[in-house]
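Here is a short report on one protein chain. Read it alongside the sequence and the coordinates.

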Amino acid sequence: MDEVLAGNRVVWERASEKHVREYDELLDEARRDGLLFSRELELLGPVLAEEPAVVHLQSGHGLDDIGLLKAGARSVVGIDYSSVAAGAAHRRARELGMACRYVVAEVPGVPLRDGCADLVYTGKGALIWMRDLDAWAQDIARVLRPGGHLFMYEAHPAVPLWTWDEDQPRIRPDRSYFAESHVNDTFPGNGAREWQWNLGQIVTAITAAGLHLETLEEYAEPFWRPQDDTNAAAWSGRLPNSYALLARR
């Protein structure tokens, strides 16, 4: 593991302590509905109707896993390189009697057999941690069965450009859409090196790995907002802040 990846892992382990501190709150949230966005459920409806075996790359706190199971998935294997995050997610799933298991591992390089998944689910802040997008896409294609699907619900690649000013949207002078990476200066990745993959690079990597694009949608609403009174003008409906992608192997 190189210095940058090792540093990012330290940052993510530290950020994941939040999942432990807020364990009871997250457990209560997991018991409720609404763990997945309505558009996720709409796009994934036909896939989840087949009761897929799911692999969730970079699974974080694991609430999406429980949402997938409630929506029809047969089982979920979560992969995260934070032992803190994976441990807390495993404990929650066990308390709720959910068919989830967790593996502490890096992505790409997932230690699962070829063709083990009907659905690979990834998103909500995952792709910024990927240093090699082609290897990531190839690993997804490897674990998917023929006819299986990849689903992403992610922050739009333009998001690093937007300031959080409340009066009007502005572009940060220290960021570029075409930059290779930047250092995160907000929670949860504060201090981490994040990679900036533009939409063309993402789609090209996925299709080059042998997957066929079925849906690509962009949304003005961000998938995450700070837990305070911040209400940035960049989130008011004029700019892209998230997207969904569905592809089939």
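C100 is buried, with a relative accessible area of 12%. Buried means under 20% relative accessible area, exposed means over 50%, and partly exposed lies in between (1.4 Å probe, protein chains only). C116 is buried too, at 14%. Which cysteine sulfur is closest to that of C100? It belongs to C116, and at 15 Å it is too far for a bond. C116 is accordingly in no disulfide. A disulfide is a pair of cysteine sulfur atoms within 2.5 Å. By this rule the count is zero.

## Basis of the model

This is a predicted model: local features need pLDDT of at least 70, side-chain atom pairs count only at pLDDT 80 or more, and totals for chains, interfaces and linings use all residues. Residues are numbered from 1 along each chain as its sequence is written, and side-chain values use heavy atoms, with hydrogens and water left out.

## Overall build

The protein chain holds seven helices and nine strands. Both are DSSP runs numbered from the N terminus: helices are H or I with at least four residues, strands are E with at least two. The radius of gyration is 17 Å, close to the 18 Å of the globule rule for 249 residues, so the chain is as compact as a globular protein of that length. That radius is taken over C-alpha atoms; the rule is 2.2 Å times the number of residues to the power 0.38.

Along the principal axes, the C-alpha atoms fill a box of roughly 45 × 40 × 40 Å. Of the 249 residues, 51% count as buried. Take the contacts (heavy atoms within 4.5 Å). Among those with a separation of 6 or more, 73% join residues 24 or more positions apart.

## The sheet

Seven strands form an open sheet with mixed pairing, in the order β3-β2-β1-β4-β5-β9-β8. β3 (100–104) and β8 (212–219) are at the edges; each has a single partner strand, so one side of each lacks a neighbour in the sheet. Neighbouring strands are turned by 15° against each other on average, direction ignored. Axes are lines fitted to C-alpha atoms, for helices over the stretch in contact; angles run from 0 to 180 degrees between N-to-C directions.

Two strands pair if DSSP finds at least two bridges between them. β4 (residues 117–123) and β5 (residues 144–155) pair in the parallel sense over six bridges. Here V120 stands opposite L150 in β5. Helix α7 (residues 199–208) packs on the sheet and touches β5, β8 and β9 (242–248). The direction of α7 makes about 15° with that of β9. β1 and β2 also pair in the parallel sense, over five bridges. V55 has V77 in β2 as its bridge partner. Five of the six residues of β2 are buried, so β2 is largely enclosed by the rest of the structure.

## Nonpolar cores

A nonpolar core is a set of buried Ala, Val, Leu, Ile, Met, Phe, Trp, Tyr and Cys residues joined through side-chain atoms within 4.5 Å. The largest one has 40 residues. L57, I79, V120, L127, W136, M152 and I206 have the most contacts inside it. Contributors of at least two residues each include α1 (3–21), β1 (53–57), β2 (75–80) and α6 (133–143). The largest share, six residues, comes from α6.

Which residues does I206 contact, leaving aside its neighbours within four places in sequence? They are W136, A137, L150, M152, L211, L245 and A247.

## An enclosed helix

Seven of the eight residues of helix α4 (residues 63–70) are buried, so α4 is largely enclosed by the rest of the structure. The buried set is L63, D64, D65, I66, G67, L68 and L69. G72 follows α4 and has a positive phi, near 135°.

## Backbone exceptions

Most residues other than glycine have a negative phi, and most peptide bonds are trans. E51 has a positive phi of about 55°. E51 sits in the loop between α3 (38–48) and β1, and is partly exposed at 49% relative accessibility. Q58 has a positive phi of about 60°. Q58 lies in the loop between β1 and α4, and counts as buried at 16%.

The peptide bond from V107 to P108 is cis, with omega near 0°. P108 is in the loop between β3 and β4.
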